[in-house]
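This report goes through selected features of one protein chain. The sequence and the coordinates are shown first.

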Amino acid sequence: LAHLLALTCLSSCAAFASPPIAPRAAHVRIAPPLLLLEKDAVGSDTEAGGGDGDNRLLLGAAASLGLATAIHAPAFAQFASQWASISAAGVSGEDFWAPLRFWAFFAIGHPLIKPAVWIGEVLHTAPGPLVGLLPLGFVLGNLAVLALLATQPKVRLAAPVVSAALLVNFVGGGLEGSVSSSDYNLALDDGVKGCPAYEQVRQPSMDGFDITKYDGRWYEHAFHDWTQFSEVYDTTFDIELSGGGTRWLDDFGVKGPSPRSAPASWDKSPVANGAHYFLTATYDPKTPGVVQESGFGATFPNYIVDVQKGAGGEYTEALQFQCLQRGGVRIFEGINYLTRSPDISPAQLAAMHERARVAGIAPYGANPTDTHTVEFAPSRSFAVDNDWQSFWSALGVDKLLALLETSTHTAFERGE
């Protein structure tokens, strides 16, 4: 998605560029100076705005921002009140700020990714012959937008305000649960207050749990988790254990966007052949099934709630439940439906939902309504190869991603 974000950044930069203003003749009148300065300022405004000094576009943009804020004011007020109660409970320092930054990172990340995917679809369905890798229609459209922003100060002033209104509306919808109940349910303590103890959700299948059998690749088939994005596909967790099973590295692999969410642009993305991000964890054998996982500046318990075993006793399915709270207020919950196979039947997924219900995590989002089913490509052995992938390779994107992956694994194996 980098090429999409670069084009967006180019447009944003133009939005803040000031056009040259022709010098004005000096005034020779003497009195009253304050009135003359005021008149000059109005005149400059009028000339810069290209009209009578009245900027209806900016007023309309400001009205849209005010309306979005007013519509979602109850959700934002509750959110602020909950963080105030966390502070009042004695949570301070990094214990307070790290979870807030964690929440904000993904609250902003989703409304950036979604329009980027949309722009990618516009890019790769635009009409006209190719100019390099870009359709002529897309090039001309971008030039028209840049020209509009460069020559129309009123549009340039209104654009960032409209963007802010859209952001407020999107985040407000996330707090209300009206955007997506699977990957963008941002509300704190929604439905159920706080996090349960592990003993409240642990299933009998966890008796005699052996962490060494959890090593290796898992395929994620469904999730309820705002640290993930519904636009990706072929999601895998590669668990690597070290230190006698007391440390683990979760190599989280994704491809994106998916063919379903971006049918025209999915194979042009710089991560069409996959990308990885990593979470580290510690494991105490005295509390089997509970992993203390860290990622994006936050640490939270990851409960392995249920495992299913194959004929040889190997683990074939698992339900994971992460829950982060401060001061008795739940800030984040993540639920993962994992198997050792990339293929799953509807009956098998339904059985996993039922086990989640029995475990008591359905109210936290482990149910068919509040989970996203992950898309898997029919064939996972091929590599996407086209002109766009050659372009990303020429820029070294594939080498950078490979370096990140290998260096992270090497550092983990060294105990760093």
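The text below covers a set of strands, a cavity, the salt bridges and a surface patch.

The model is predicted.

**Strands**

Strand β4 spans residues 233–242, and nine of its ten residues are buried, so the strand is largely enclosed by the rest of the structure. Strand β3 (residues 216–224) pairs with β4 in the antiparallel sense, over four bridges. In that pairing, Tyr-219 stands opposite Thr-236 in β4. Strand β5 (residues 247–255) also runs antiparallel to β4, and eight bridges join the two. Among the positions in this second pairing, Ser-242 has Arg-247 in β5 as its bridge partner. The hairpin of β4 and β5 has four residues between the strands, and Gly-243 takes a positive phi there, near 65°.

Ser-341 is found in the loop between β10 and α9 (346–359). Its relative accessibility is 30%, so Ser-341 counts as partly exposed.

**Cavities**

The count of cavities of 30 Å³ or more comes to two. The largest cavity holds about 160 Å³ of space. Its lining consists of 17 residues, and those nearest the centre are Asp-225, Thr-227, Leu-279, Glu-293 and Gln-322. Several strands contribute to this lining: β5, β6 (275–283), β8 (298–309), β9 (315–326) and β10 (329–339) each supply at least two residues.

**Salt bridges**

There are 15 salt bridges in the structure. Three of them are set out here.

| Pair | N to O distance |
|---|---|
| Asp-183 and Lys-114 | 3.9 Å |
| Asp-189 and Lys-193 | 3.4 Å |
| Arg-355 and Glu-317 | 2.5 Å |

The side chains of Asp-183 and Lys-114 meet in a salt bridge. Asp-183 lies in the loop between α7 (153–176) and α8 (198–201) and Lys-114 in helix α5 (residues 94–125), so this pair ties together parts that are 69 residues apart in sequence. Asp-183 has a relative accessible area of 1% and is therefore buried, whereas Lys-114, at 22%, counts as partly exposed.

In the pair of Asp-189 and Lys-193, the acidic residue Asp-189 is buried, with a relative accessible area of 16%. Lys-193 is exposed, at 60%. Both residues belong to a network of salt bridges that also links Asp-190, Arg-330 and Glu-333.

The salt bridge of Arg-355 and Glu-317 has an N to O distance of 2.5 Å. This pair links distant parts of the chain, with Arg-355 in helix α9 and Glu-317 in strand β9, 38 residues apart. Both Arg-355 and Glu-317 are buried. Strand β9 is also one of the strands that supply residues to the lining of the largest cavity.

**Surface patch**

Which residues form a nonpolar patch on the surface? Val-131, Leu-136, Leu-140 and Leu-143 do, and together they have about 340 Å² of accessible area. Helix α6 (residues 136–151) provides the largest share of the patch, three residues. Leu-140 lies in this helix, α6.

Notes: Residues numbered from 1 in each chain as written. Predicted model: local features only at pLDDT ≥ 70, side-chain atom pairs only at ≥ 80, totals over all residues. Heavy atoms only, no water. Buried < 20%, exposed > 50% of the residue type's maximum accessible area, 1.4 Å probe, protein only. Pairing = 2+ DSSP bridges. Patch = residues over 30% accessible without salt bridge, like charges linked within 9 Å, V, L, I, M, F, W, Y side chains within 5 Å. Areas by Shrake-Rupley, 256 points an atom, 1.4 Å probe, with all protein chains shown as cover. Salt bridge = Lys/Arg side-chain N within 4 Å of Asp/Glu carboxyl O. 1 Å grid on protein atoms, 1.4 Å probe; cavity = no way out; pocket = protein on both sides within 12 Å on 5 of 7 lines; lining within 4 Å. Points joined across faces, edges and corners; volume = space filled by probe spheres on them.
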